[in-house]
Amino acid sequence: MEYTKLKEDISEGARSIYLLEGNDAYFRTHAEEQIKNAFLQMGELNFASYEGTDIKGSAFRAFAAAVNAFPFMAEKRVVKVSEFYPTESEYSSYVQPLFDDFPPTTILIIVNSQTKKGVDLKRKKAVTYVNCNKADEDTVTRWAYLTMKRAGVAASQEACGAIAAYCLCDMARVSKEVEKLVQWAGAGNKVTLADVDEMVYKDADYRIYEMTNCISRRDYANFVAIANDLFSKGIDRNALIASLSSYFRNLLYIATVRQSDKQISSDLHMAEYGVKKSREQARAIGVAKLKRLTEAMYSLASALKGGEMTAEGAFGTAVASVFFS
């Protein structure tokens, strides 16, 4: 299930084994908190926590004993294990017998930040999988909107979308920015896009995204203005040349590979919407120019690294190659 469905699922009763898996630390942490808040009583007596790396061989017996222990004056005991990636042989020898005869008085929470190590736990029938991967922009926008609405603060979809975009859908940042806006606005008031623009810090990566978006529009003035803003905040020219190199390389890949947007989004770790926008930008720039710019950025990065050019000279050459060649 998606993280956003967990609260509803918890209201229907406890599951025996939860797998909180994904790359968003906010989702993993808050999913664990929701489960413990709903079912854990007297945590000092009925909660135990383990590291997956410590549960090997004979140590699994102690872990199994903790899972099978009866709760003290409560309905449930909660056991958490972090970064638990048993191999196929370890699963069949140790884990599966425990899962097949799991005690009804215990809830096991497995919290994994990775998804491709060891046996695929989320496919095991005893396990309730909660997707804690980074959410897409639409999901984050809805979360911001509903969170503010519950706090009595009205906000447009446009304003909430800007929060998601400026924070690059990082839920840890989004939650703090939403909390700040709710406290600033107060119940019964409204948060506008202008308020978000003024109060929400734009992540440096988002500013780089804005800067590269200027290229397909031939918007030299805004490109330079954003670059200068990034320089003033400590981003160096070498980093921007690397970002331009990555940008052109991805556009060239999207423009030339014969794959679906879904497959490309998986290969490049981009949202499908981002792939579609990148395809439009690649079309506006053209494959021939993308090839030339990709090679030019690589050459400039190499020259800078080898001490053949100064950072200022390399970045100036990069800008000239993009807009004036």
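**Salt bridges, a helix contact and nonpolar cores**

Arg15 is partly exposed, with a relative accessible area of 36%. Here buried means under 20% relative accessible area, exposed means over 50%, and partly exposed lies in between (1.4 Å probe, protein chains only). This is a predicted model, in which local features need pLDDT of at least 70 and side-chain atom pairs count only at pLDDT 80 or more, while totals for chains, interfaces and linings use all residues. Residues are numbered from 1 along each chain as its sequence is written, and side-chain values use heavy atoms, with hydrogens and water left out.

**Salt bridges**

- Side chains of opposite charge can pair when their charged atoms come close.
- The count comes to 16 salt bridges, each being a side-chain nitrogen of Lys or Arg within 4 Å of a carboxyl oxygen of Asp or Glu.
- Arg15 pairs with Asp9 at 2.6 Å, N to O; Asp9 is buried, at 10% relative accessibility.
- Lys36 and Glu32 form a salt bridge at 3.0 Å, N to O, and Glu32 is buried at 9%.
- Both Lys36 and Glu32 belong to helix α2 (residues 25-39), where they are four residues apart, about one turn of the helix.
- Helices (H or I, at least four residues) and strands (E, at least two) are DSSP runs, numbered from the N terminus.
- Between Asp219 and Arg217 the closest N and O atoms are 3.7 Å apart, and Arg217 is exposed, at 52%.
- A network of salt bridges links Lys202, Arg207, Glu210, Asp229 and Lys233.

**Helices α12 and α14**

- Helix α12 (residues 237-256) packs against helix α14 (residues 272-285) at an angle of about 90 degrees, with their axes 9 Å apart.
- Axes are lines fitted to C-alpha atoms, for helices over the stretch in contact, and angles run from 0 to 180 degrees between N-to-C directions.
- The two helices, α12 and α14, are therefore roughly perpendicular to each other, a label used for 65 to 115 degrees.
- Residues in this contact (heavy atoms within 4.5 Å) include Tyr247 and Phe248 of α12 and Val275 and Ser278 of α14.

**Nonpolar cores**

- A nonpolar core is a set of buried Ala, Val, Leu, Ile, Met, Phe, Trp, Tyr and Cys residues joined through side-chain atoms within 4.5 Å.
- The largest nonpolar core has 43 residues, of which Tyr18, Leu20, Ile35, Met148 and Val196 touch the most other members.
- α7 gives the most to this core, with seven residues.
- Apart from this core lies another, of 31 residues, among them Ile226, Ile285, Leu300 and Phe323.

Definitions and conventions:
Parallel < 35°, antiparallel > 145°, perpendicular 65-115°, else oblique.
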